[in-house]
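Subject: Structure handover

Dear colleague,

Here is the structure for your own work, with the sequence alongside. My notes on it follow below.

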Amino acid sequence: MKNIAVFASGSGSNFGAILEAVQCGELVAKVQLLVCDQPSAYAIQRAEEAGVPTFVFRAKDYPSKTEYEQEICALLTEKNIDLVVLAGYMRLIGPTLLTDFEGKIINIHPSMLPAFPGKDAIGQALAANVKESGVTVHYVDAGMDTGPIIAQQAVVVDEGETKESLQKKIHEVEHKLYPAVISELLKGERRTESEKTSIN
Ligand code: GRF
């Protein structure tokens, strides 16, 4: 059985979808840890209800990113984590975690990257008046939403779409896509475009 850790900062609806996929057997994995940098985040309650251990921290209690990432790295190593799943974790991953877990950290982002990276991707898409936006799952590198793309799914932006309505559509896609991609990665069934190119 493969072990995963989920990192979240907020409501954790994607974390909830991952827990459900595990419970119903669609995703064969053990969620060993929730890492959360916001002590009041609803994601923590979801973890407690599901019996998932948590590591909750405040970045300001540490001298720098290196120190809290060293603690996180020790926990991930102790729990034999195979894949780190960022799900609404609002911090850039630093060199400490990137070095130890290279190629094992993924993120989900609410746009068709490389379009609209960074914060408020849904607001950015609406402001740009696009007819289509979507969801991207990608590997994490040192940049902001710049790592190799693993999977994408488009979402139509309708006439009169609001931030709330588009967010709802995007969340519906995310909640199916993310558990499915995690499952394929853990089974070794999916490769990124860059991995495919280097093999061919
Ligand atoms: C998701 O839309 C995800 O794409 C982005 O942050 C949001 C997190 O939502 N990275 P939730 O906390 O999983 O509900």
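A crossing of two helices is called left-handed if the near helix is turned anticlockwise from the far one by less than a right angle, and right-handed if clockwise. By that convention, H1 passes H2 in a right-handed crossing.

Two remarks on the source before the rest. This is a predicted model, in which local features need pLDDT of at least 70 and side-chain atom pairs count only at pLDDT 80 or more, while totals for chains, interfaces and linings use all residues. Residues are numbered from 1 along each chain as its sequence is written, and side-chain values use heavy atoms, with hydrogens and water left out.

Helix packing

Helices (H or I, at least four residues) and strands (E, at least two) are DSSP runs, numbered from the N terminus. Axes are lines fitted to C-alpha atoms, for helices over the stretch in contact, and angles run from 0 to 180 degrees between N-to-C directions. An angle under 35 degrees counts as roughly parallel, over 145 as roughly antiparallel, 65 to 115 as roughly perpendicular, and the rest as oblique.

H1 and H2 have axes 9 Å apart and pack at an angle of about 20°. The two helices are therefore roughly parallel to each other. On the H1 side, the residues that meet H2 are Ser13, Phe15, Gly16 and Leu19; they meet Ala43, Arg46, Ala47 and Ala50 in H2 (contact means heavy atoms within 4.5 Å). By residue class, this contact divides into 5 nonpolar, 2 polar and 1 charged. Here Ala, Val, Leu, Ile, Met, Phe, Trp, Tyr, Cys and Pro count as nonpolar, Asp, Glu, Lys and Arg as charged, and the others, Gly among them, as polar.

H1 (residues 13-23) also packs against H6 (residues 163-186), at an angle of about 50° and with the axes 9 Å apart. That makes H1 oblique to H6. This crossing, of H1 and H6, is right-handed. H1 contributes Ser13, Asn14, Ala17, Ile18 and Ala21 to the contact, and H6 contributes His171, Glu174, His175, Tyr178, Pro179 and Ile182. The residues of the H1 contact with H6 divide into 6 nonpolar, 4 polar and 1 charged.

Val22 is found in H1. With a relative accessible area of 24%, Val22 is partly exposed (buried means under 20% relative accessible area, exposed over 50%, and partly exposed in between, with a 1.4 Å probe and protein chains only). Neighbours within four places in sequence aside, Val22 is in contact with Leu27, Ala29 and Val31. From Val22 to Ser183 the separation is 161 residues in sequence and 9.6 Å in space, C-alpha to C-alpha.

Aromatic pairs

Rings of Phe, Tyr and Trp (its six-membered ring) pair if their centres lie within 6.5 Å; planes under 30 degrees apart count as stacked, over 60 as edge-to-face and the rest as tilted. The whole structure holds 5 aromatic pairs. One of them is Phe7 with Tyr89, edge-to-face at 5.2 Å centre to centre and 80° between the planes. Phe7 is in strand E1 (residues 3-8) and Tyr89 in the loop between strand E4 (83-86) and helix H4 (95-100), so the pair links distant parts of the chain, 82 residues apart. Phe7 and Tyr89 are both buried.

Tyr62 and Tyr68 have ring centres 5.8 Å apart and planes at 75°, so this pair is edge-to-face. Tyr62 counts as buried at 19% relative accessibility, and Tyr68 is buried at 3%. Phe55, Phe57, Tyr62 and Tyr68 form one aromatic cluster.

Backbone points to check

The peptide bond from Leu113 to Pro114 is cis, with omega near 15°. Pro114 sits in the loop between strand E5 (105-109) and helix H5 (121-127). Asp120 is in the loop between E5 and H5; its phi is near 50°, a positive value in a residue other than glycine. Asp120 is partly exposed, with a relative accessible area of 40%.

Asn80 is not a glycine, yet has a positive phi of about 50°. Asn80 lies in the loop between helix H3 (65-78) and E4, and counts as exposed at 53% relative accessibility.

Regards
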